[in-house]
Amino acid sequence: MARRLEDARILMYSHDTFGLGHLRRCRTIAHALVEDYRGLNILIISGATIAGAFDYRARVDFVKVPSVIKLRNGEYTSMASHIDLQDTLKMRGSIIRHTAETFQPDIFIVDKEPMGLKGEVEETLAYLKARGTTLVLGLREIMDAPHLLDAEWKKNGVMQKIDQYYDSIWVYGPPDFYDPLVGLDVPASVRRKMDFVGFLQRSVSANKTSINARNDDYILVTTGGGGDGSDLVHDVMNAYEQDPTLQQKALVVLGPYMPVAERTALVQKGAKIPYIQVIEFDNNMEELIAGASGVVAMGGYNTYCEILSFDKPALIVPRVKPREEQLLRARRASELGLVEMLLPEASADATVMADALKRLPHRQPPSMSGSNMRLEGLNHISETVGSWLDNRGRHLSVVGAE
């Protein structure tokens, strides 16, 4: 049953410099909220180059800021190479501030980067705090290795600023899976603001049909955005080339951010293997994961939520640098018996990879691991948002489902 709100507004910020994770997480939350509350409008500020390639529900829209890309060494550069990075950041900051001033949100949700890319959101946070907007920081259940995150945050005084600006910190995972601020010196005032909402459950849209949907028995190989995913796809293809007894059909999704030369090489390589179909991108990944008998992935946050939501056997080959987030998630999930993990050096051994691929469809799904995989993040967020908006005078009344 949807509930009606009187013109409530939520603004979300997703810096998006590498991959699709932040935007996909924001979009998932936005869609769940507008489904639960009529009269709620959500605007997502995104730096993703392909923000427009996704479908958005009624009352969810996005504002695109100029793109900044993160290089593999962790440095940033403007997507438009003729524009200086500082000029691009100035434009982004100005658009973000102007959007907030015009939209006048009741709630502002910032994804992962507490002050935004290179501090670009701080001025907007100060403005919105002064006018009484509820400010929320949303953190993945795993941010990075503690020593890396600690160094990054200390350099910019981030912990003090989180305490100063934010009313609430949502952790998108259950408390017994991982603490994103483990190993950091966290003030009690910040700890009190932390709410472990649970993993964000995913579902297949009732009216969308992926043009790549299949009815046969296949495993799905996905590298998320694909910016650094070519090694994993090469490893899978090498296993097929080396082991003729590996005849499991596979659907490989390269990802929209895979560099052109790497993409071309993999399309050509895949074309010579009869069991493999290669596609570049699908904006209905949920459907492809739901239809698969197993998933091979690097294990970013969204893919991991989909593996749990659709209860799929999974083989995870995590990225190990520059961030250790995927490695830490894969290790923890593997400890709990939810997935099988291969480190990149093991994955590069064609025999080891072939054996792992053969085991995959016969592996028990995560629900059989005995671990409690609570997927209640969206419900928890919806209840929280509803109570906040009610307290702000955006009165709730129950209406028939939309």
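Select Arg59 first. At 23% relative accessibility, this residue counts as partly exposed, because the value falls between the 20% and 50% cut-offs. The model is a predicted one. Arg59 sits in the loop between strand S2 (37-46) and strand S3 (60-64). Check its backbone: phi is near 75 degrees, a positive value in a residue other than glycine.

Next, select Lys118. Its loop runs between strand S6 (107-111) and H3. Phi is positive here too, near 50 degrees, and Lys118 is not a glycine. Is Lys118 buried or exposed? Lys118 is exposed, with a relative accessible area of 55%.

Now show helix H3 (residues 122-130) together with helix H5 (residues 158-165). They pack at an angle of about 25 degrees, and their axes are 11 Å apart. That angle makes H3 roughly parallel to H5, because it is under 35 degrees. The crossing of H3 past H5 is left-handed. For the contact, pick Glu122, Leu125, Ala126 and Lys129 in H3; they meet Lys161, Gln164 and Tyr165 in H5. The contact residues of H3 with H5 comprise 3 nonpolar, 1 polar and 3 charged.

Jump to Pro322, in the loop between strand S14 (314-316) and helix H11 (325-335). Look at the peptide bond from Lys321 to Pro322: it is cis, with omega near 0 degrees.

Finish at helix H14 (residues 377-391). Its 15 residues should span 21 Å at 1.5 Å a residue, and the end C-alpha atoms are 21 Å apart, which agrees. Buried residues in H14 include Leu378, Ile381, Val385, Trp388 and Leu389. Just after H14, Gly393 has a positive phi of about 90 degrees.

Technical notes
Residues numbered from 1 in each chain as written. Predicted model: local features only at pLDDT ≥ 70, side-chain atom pairs only at ≥ 80, totals over all residues. Heavy atoms only, no water. Axes fitted to C-alpha atoms, helices over the stretch in contact; angles between N-to-C directions. Helix = DSSP H or I, 4+ residues; strand = E, 2+ residues; numbered from the N terminus. Parallel < 35°, antiparallel > 145°, perpendicular 65-115°, else oblique. Left-handed = near helix turned anticlockwise from the far one by under 90°. Contact = heavy atoms within 4.5 Å. Nonpolar A, V, L, I, M, F, W, Y, C, P; charged D, E, K, R; others polar. Expected span 1.5 Å × (residues − 1). Buried < 20%, exposed > 50% of the residue type's maximum accessible area, 1.4 Å probe, protein only.
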